[in-house]
Structure formats: structure tokens, C-alpha cells
Amino acid sequence: MTQPDARPSTAAPVLRRALVYGAGLSFAIAIIGSVAGALVAGLPGMLSALIGAGMGFVFLGLTAASILLADRVTGSDLLSPAYFGIVIGAWILKFIVFLALVFTLRDAGFVEPVVLFVCLVAAVIGGLVTDIIAVTRSRVPYVSDVRLPSKDEIPDL
């Protein structure tokens, strides 16, 4: 079995751009949501907005980070079981963390559930939109990570 080449992935700049866009969106949701939450429900509303925006960014970041990590570990071999294990493991971790946070924050006195829900939904939908924008604005070749044969590898005809 051959080792995968250590070529840089063409997806890494797109994922980094998605992380930057997602961070900017999460910051905007945190600011707007905390002001609106403070006006609606006082300090619990503000804290709920900050928690919702933070959760949205963490989940967005875990997805992109897991793909970048899997890409680096497997040497851009998308068919490697390790690649799928890292990405699926991160998604399962996200699901477990989400459930733990929901059950922990459900009865917390410092949380306004409606503000938390609205900010979390805005962060998730906004994260999807930022991913779409990052992908559509990227300049990734249709055929990527291709190595052309050298002069010595071409047979004489």
C-alpha cells in the first residue's frame, strides 16, 4: 500500500474562508442578539443570545476543523477510513455536546429559551449561508490535486 502524497488540499482555503465568514456572522449575531435580548428579557436575554451565537460558531467551527484535520491526517485521501472516522466522529461529538447543552441549559435560571432558540437558529442558518458564499466565491479547479507525468515517465512513441 502506498502512502498518500503530502500535497496541500485545495479545500483548505475554502474552509478557512468559511470559518472567517462564520466568525464574523457569529460576532454580529452576538452583538445584535444580546442587545435585542437585553431589551426583551434583561440580563438573561443577553446571556442567552451570547450562548446561542457561541454555540452556533462552535458547531460551525467543529465541522470545518474536522475536515481540515482529516485532510491533513490522511494527506488529502478522501477515500481513507481515517478521513471518514475523523469527520463522522466530530459530527457525533457535536451531537452529544448539543444534547448535553440543551439538557443542561433547559432548566437554567439565567437562560431565556426563546432568545437562545432564535439566536441559535440564526447562527445555524447563517452558518449555512456563509458556507455557501465561501464555496461559490472560491476559485477551486474542477480537477484538483492532479500530478502530471514528468518527461521521463512518458514513453517514446
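Tutor: Ser66 sits in helix α2. Keep in mind that this is a predicted model.

Student: OK. Is Ser66 buried or exposed?

Tutor: Buried. Its relative accessible area is 5%, and the cut-off for buried is under 20%.

Student: What does Ser66 touch, leaving out residues up to four places away in sequence?

Tutor: Ile86, Val87 and Ala90.

Student: How do α2 and α3 cross, then?

Tutor: Their axes come within 8 Å and cross at roughly 165°. Angles over 145 degrees count as roughly antiparallel, so α2 is roughly antiparallel to α3. The crossing is right-handed.

Student: Let me zoom out. How many helices and strands are there?

Tutor: Four helices and zero strands. The order from the N terminus is α-α-α-α.

Student: What about α2 and α4? At what angle do they cross?

Tutor: Roughly 30°, with the axes coming within 8 Å. Under 35 degrees counts as roughly parallel, so α2 is roughly parallel to α4. This crossing is right-handed.

Student: Which residues are in that one?

Tutor: On α2, they include Gly45, Ala49, Gly52, Gly56 and Leu60. On α4, they include Leu116, Cys119, Leu120, Ala123 and Gly127.

Student: And the classes for α2 with α4?

Tutor: The residues divide into 10 nonpolar, six polar and one charged.

Student: Switching topic. I'm looking at Gly22. Where is it?

Tutor: Gly22 is in helix α1, which covers residues 12–41. Gly22 is buried, with a relative accessible area of 0%.

Student: What is Gly22 in contact with, past its neighbours within four places in sequence?

Tutor: Phe57, Leu60 and Thr130. Leu60 is also one of the α2 residues that contact α4. Thr130 is on the α4 side of that contact.

Student: How far is Gly22 from Val124?

Tutor: Their C-alpha atoms are separated by 9.6 Å. Along the chain, the two are 102 residues apart.

Student: So how do α1 and α4 pack?

Tutor: At an angle of about 155°, with their axes 9 Å apart. The cut-off for roughly antiparallel is over 145 degrees, so α1 and α4 are roughly antiparallel to each other. α1 passes α4 in a right-handed crossing.

Student: Which residues of α1 meet α4?

Tutor: Val14, Arg17, Ala18, Tyr21, Gly22, Leu25, Ile29, Gly33 and Gly37. Among those they meet in α4 are Val115, Cys119, Ala122, Gly126 and Thr130.

Student: One more residue. Where is Arg16, and what does it touch?

Tutor: Arg16 is in helix α1. Arg16 touches Leu68 and Arg72, not counting residues up to four places away in sequence.

Student: How accessible is Arg16?

Tutor: Its relative accessibility is 43%.

Student: What separates Arg16 from Ala65?

Tutor: The two are 49 residues apart along the chain. Their C-alpha atoms are separated by 8.8 Å.

Student: Last topic, the whole chain. What share of the residues is buried?

Tutor: Buried residues make up 31% of the 157 residues.

Student: What share of the contacts with a separation of 6 or more links residues 24 or more positions apart?

Tutor: 77%. Gly22 gives an example you can look at, with its contact to Thr130.

Terms used
Residues numbered from 1 in each chain as written. Predicted model: local features only at pLDDT ≥ 70, side-chain atom pairs only at ≥ 80, totals over all residues. Heavy atoms only, no water. Helix = DSSP H or I, 4+ residues; strand = E, 2+ residues; numbered from the N terminus. Buried < 20%, exposed > 50% of the residue type's maximum accessible area, 1.4 Å probe, protein only. Contact = heavy atoms within 4.5 Å. Axes fitted to C-alpha atoms, helices over the stretch in contact; angles between N-to-C directions. Parallel < 35°, antiparallel > 145°, perpendicular 65-115°, else oblique. Left-handed = near helix turned anticlockwise from the far one by under 90°. Nonpolar A, V, L, I, M, F, W, Y, C, P; charged D, E, K, R; others polar.
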